[in-house]
Amino acid sequence: MDATSIDADIITGLKSLEDHPQTKTIVLLSNDGIILYSNAKLKNLHNLKEGNSAFLLPSEPSIKSIIEIINENKLNAFNCDFILQLQDDEFINYSLEIESVLIKDESLYILQFDKQEIQSDLSKQVNTYNKVLDSVNVGVLIADDEAKIKFSSFAFEKFLNKKIDKLFNTNLASAFINYLTVIEFRELENAVANKTKWIKVISNISDEGDVFYKEIRLNILSDNNDRTVSYLITANDITHQIRQTRLLKKSEQRQRTIINNIPNPLLIVRLEKNELILENANSSFCENIELANDYAEEKKLDSILKSELFLIIQQSIIKIEKDNRIHIQFHYNNTERKKRFIGKVTYTDDHYDNSRIFIVNMNDITEQLEIEKKLRQAYNNEISLNKLKSSFLANMSHEIRTPLNAIVGYSELLEDDVKAEDYESSTEMTSYLKEGVNRLLSLVDNIVEVSLLESGNIEIELTKTNLNEVIKANKHKWIDLAKDKEIEICFKFLGNDFGMLSEENFINANTEKLEKSLHEIIFNAIKYSKKNGKIDVETSTSKENVEVRIIDFGIGIDEEGLKKIFNIFEQVEDEAYTRNYEGAGLGLSIANKLITFMNGDLTIKSEISKGTTITILFPKV
């Protein structure tokens, strides 16, 4: 059969591929091996043309044996590799594809030769891509629109511990079943089914026993031409980043542990674009400084600190920058937490990002100031005690010497009268002696009383007491004391809230101590009242209190004198109260302390040359 009897359509179709650059070597053979058609590649390489027998081609296996296999097995197509020897004795590996066609009851064979070098080049190219992907630690897995795996890079094969022949055509999600939890695996399946993106970090152990981390990302690739999708999964090795992050966190944790172990409040601030940004603060700072907001949520310093402290720090930093100073100290008073601090602002330059970091170190001086205050108080108390001791010694030497001198003098006079048997003045001398002894005894009693009150080792039993009755029982004694100076004492028992005369003003008190308190106050009023003067003793009652007022119209006391009127062993040293008035300076002190022990309150109002009013309030029973 020659070429003219062959269907012209086949020849025309084969000739149309003649000049295509990707066209393989194509040959059309008859059943007996005669070349009916061959393209230029066969002619150039093997010097064969139409009409020659293809069985003459020196190949292994031979073309003849291949056609016999096709005929014997009635095959429509056959593929195989074979080696062809060229005219210069060079051997070339080919991949041969043979297709059998039946035309006009005659069997024809279309042979396509393809050098295996092309496939080798493709394999090399794929290997090159794999090496590139592996060099940048990126694994790639590609699946078709049915989520069947079609390609896997070496990195992914190593990560999944499976070769491509094991992964090929398997379900995309199933490749990760050993690396995900049940919930994570379902998330991947849903992402594949819904064609949505998915991301997860997976850890595993390498052959060397090291833990590594991969960031697995699922991306969807769409083909706009055939509207199909492909699945692309990338695996980025983020082990280094995670280790660096952990090292950074460790470093930050170590830094925070260090600054948290600093007992003083510590603040670290960075100056960025003319704004103060908080870098860090230790726990002592958060505990001792009143913050406007939580610094974990805010970073701008003016949003975190109270305005007063922020302005102090801001001005200190401005001054450091302006005056080129190394540090600046400041004082801060936290009124809300009742703490006082002395602060110091220093700085260090961060050459990494060319910025300056300011360190604010604050020292709580509240306790130190309190100690200094107590030391000053103790010092002043020591001075007062020394002064009090001197005053006490001077006062007591006078107060004790006076009755003792009287006792000694009258004793000598009494002794002389007894020797002279002159008994007419003996009774008078005895009364003088008794007066001196009583005065001395009263002084000793007062000293003992004030000592007990000062030490706190005294118990006063309180009972329900009628204040008016106590005053009535002692008023004649006080009237007699005032007669020597011709002073009139008027007693007034005023009405209650309803205007009715109150005969019963009951309070919780100790009758003995109440009498002594009133006696000391009234005796003091008599002592400093002018001759022919007047003293009013008034009582009244209200809904909650019972009140006593002792009003004299004597020489009065100025403001400075009122401040120390209750100091023991001290009289007011001015022209109003001078040593012209006898006394140890204990009376009002004892009265005030006793009234306080009985839950009362004593106040004094006075004006020079106009007199003094002492008011006592007791809770009403």
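This report covers charged pairs and aromatic contacts in a predicted model.

**Salt bridges**

The structure holds 19 salt bridges. Three of them are set out below.

| Salt bridge | Closest N and O atoms |
|---|---|
| R356 and D349 | 2.7 Å |
| K492 and E538 | 4.0 Å |
| K534 and D536 | 3.8 Å |

Take R356 and D349 to begin with. R356 has a relative accessibility of 22% and counts as partly exposed. D349 is also partly exposed, at 34%.

The bridge between K492 and E538 links distant parts of the chain. K492 belongs to strand 18 (residues 488-493). E538 belongs to strand 20 (residues 534-541). K492 is partly exposed, with a relative accessible area of 33%. E538 is buried, because its value of 11% falls under the 20% cut-off.

K534 pairs with D536. K534 is partly exposed at 34% relative accessibility, whereas D536 is buried at 5%. Some bridges also share partners: K492, E538, E547 and R549 are joined in this way into one network.

**A contact across the sequence**

E272 sits in strand 12 (residues 266-272). Its relative accessible area is 39%, so E272 is partly exposed. E272 and S355 are 83 residues apart in sequence. In space, their C-alpha atoms are 7.8 Å apart.

**Aromatic pairs**

Seven aromatic pairs turn up across the whole structure. One of them joins F156 and F159.

F156, F159, F176, Y179 and F212 form one aromatic cluster.

**Lysines over rings**

Which residue lies over the face of F506? K464 does, at 4.8 Å from the ring centre. K472 is placed over the face of F493, at 5.0 Å from the ring centre.

Definitions and conventions: Residues are numbered from 1 along each chain as its sequence is written. This is a predicted model: local features need pLDDT of at least 70, side-chain atom pairs count only at pLDDT 80 or more; totals for chains, interfaces and linings use all residues. Side-chain values use heavy atoms; hydrogens and water are left out. A salt bridge is a side-chain nitrogen of Lys or Arg within 4 Å of a carboxyl oxygen of Asp or Glu. Buried means under 20% relative accessible area, exposed over 50%, partly exposed in between (1.4 Å probe, protein chains only). Helices (H or I, at least four residues) and strands (E, at least two) are DSSP runs, numbered from the N terminus. Rings of Phe, Tyr and Trp (its six-membered ring) pair if their centres lie within 6.5 Å; planes under 30 degrees apart count as stacked, over 60 as edge-to-face and the rest as tilted. A charge sits over a ring if NZ of Lys or CZ of Arg is within 6 Å of the ring centre and within 35 degrees of the ring normal.
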